[in-house]
Amino acid sequence: MSVVQNKKYPETFRCILATMLLLAAATGIGWLFRSIGFPETNIVIVYLLSVLLIARATHGFSYGIAASFIAIFAFNFFFTEPYYTFKVNNATYFITFTIMVITALITSALTSRVKQNAVIALEKEAETSALYQFTNLLTDAKDISDIGSITIEAVSKIAGYNASFFPFDESGMPEPAFIQQKAPDEQIHRSVEGKEVLKYEMDHLKSLYYMGDEFCDWPVYGRDAILGMVRIPKEYAPGLSEAQIHLLHSMIECSCTVKKQATENKR
């Protein structure tokens, strides 16, 4: 079972549990309101509030949609005559149901959009901060070797230790060795055989990455050619988010630019 699946199941269970608990709480409050003699409009508002809270507490639009329809059925089952059936004796309830569905869907959609925009804003802020700190570290690099070490250390902190960077030369061929982070304070250079095979796989890539026997390789492209590959162990690679992958690419592109400038200055 992959890392993504391991992380996904608990989160899905949490969202389902939150949906069930909030709808159950709304139903309980509805019973209380009915026993007190409050009008049905108050119960409708409680269900709409529960849908809003579900959209806020869960991920994705699907939970809000599901909660909207479950709230309608629950309201019909528990609070409209005849009670504890899905029959509707009063035709005006269909108008109430329709308004409830539309209002709940709009509320859920708006809440989900606000959450998504907030997440995107936080990701961009974090990426900008990380790239700023990374660029400052690169300016302190003494030579090309330092650039490589700083880069792979930064990549490893984002993707998990044991990440690697496999640079390509100016002709687009893999270098004889790549840098791998073995521990927080330990890096090694590993030679590799079959560079032609890697080159072929990168040239004929049909997805965002190449899954090898040990690593999952993401190519990093420059303006004219491939700059290298970010190598993440197979067991960790599927757990990377799109934001993490984008940040990794940005860091590698930045380091390759600095490396190219350092090489030209050395000449």
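What follows is a chat about a predicted model of one protein chain.

Trainee: Okay, quick overview first. How many helices and strands does the protein chain have?

Mentor: There are seven helices and six strands in this predicted model.

Trainee: And in what order do the elements run from the N terminus?

Mentor: The order is α-α-α-α-α-β-β-β-α-β-β-β-α.

Trainee: What share of the residues is buried?

Mentor: Of the 267 residues in the chain, 34% are buried. As for contacts, take those between residues at least 6 apart in sequence: 55% of them join residues at least 24 apart.

Trainee: Let's look at helix 3 and helix 4. At what angle do they pack?

Mentor: The angle is about 155°, and the axes of helix 3 (residues 62–79) and helix 4 (residues 92–139) are 9 Å apart. That angle makes the two helices roughly antiparallel, since anything over 145 degrees counts that way.

Trainee: Which hand does the crossing have, left or right?

Mentor: Helix 3 crosses helix 4 in a right-handed way.

Trainee: Which residues meet there?

Mentor: From helix 3 you have G64, I65, S68, F69, A71, I72, F75 and N76. They meet T96, F97, M100, V101, A104, L105 and S108 of helix 4. Sorted by class, this contact has ten nonpolar residues, five polar ones and no charged ones.

Trainee: What about the loop between helix 3 and helix 4? Where does P82 sit, and what is the peptide bond from E81 like, cis or trans?

Mentor: P82 is in that loop, and the E81 to P82 peptide bond is cis, with omega near -5°. That's worth a look because most peptide bonds are trans.

Trainee: Switching to charges. How many salt bridges does the structure hold?

Mentor: Four. One of them pairs E11 with R14, where the closest N and O atoms are 2.9 Å apart. Both residues belong to helix 1 (residues 3–36), and their spacing of three residues is about one turn of the helix.

Trainee: What does D203 form a salt bridge with?

Mentor: With K199, and there the closest N and O atoms are 3.5 Å apart. D203 and K199 are four residues apart in helix 6 (residues 195–203), so about one helical turn separates them. D203 is partly exposed, with a relative accessible area of 48%.

Trainee: And which residue does R231 meet in a salt bridge?

Mentor: R231 meets D217, at 2.7 Å from N to O. This pair links distant parts of the chain, with R231 in strand 6 (residues 226–233) and D217 in strand 5 (residues 215–221), 14 residues apart. R231 and D217 are both buried.

Trainee: Last one: where is I245, and which residues is it in contact with?

Mentor: I245 is in helix 7 (residues 242–266). If you leave aside neighbours within four places in sequence, I245 is in contact with W218 and L240.

Terms used: Residues numbered from 1 in each chain as written. Predicted model: local features only at pLDDT ≥ 70, side-chain atom pairs only at ≥ 80, totals over all residues. Heavy atoms only, no water. Axes fitted to C-alpha atoms, helices over the stretch in contact; angles between N-to-C directions. Parallel < 35°, antiparallel > 145°, perpendicular 65-115°, else oblique. Left-handed = near helix turned anticlockwise from the far one by under 90°. Contact = heavy atoms within 4.5 Å. Nonpolar A, V, L, I, M, F, W, Y, C, P; charged D, E, K, R; others polar. Salt bridge = Lys/Arg side-chain N within 4 Å of Asp/Glu carboxyl O. Buried < 20%, exposed > 50% of the residue type's maximum accessible area, 1.4 Å probe, protein only.
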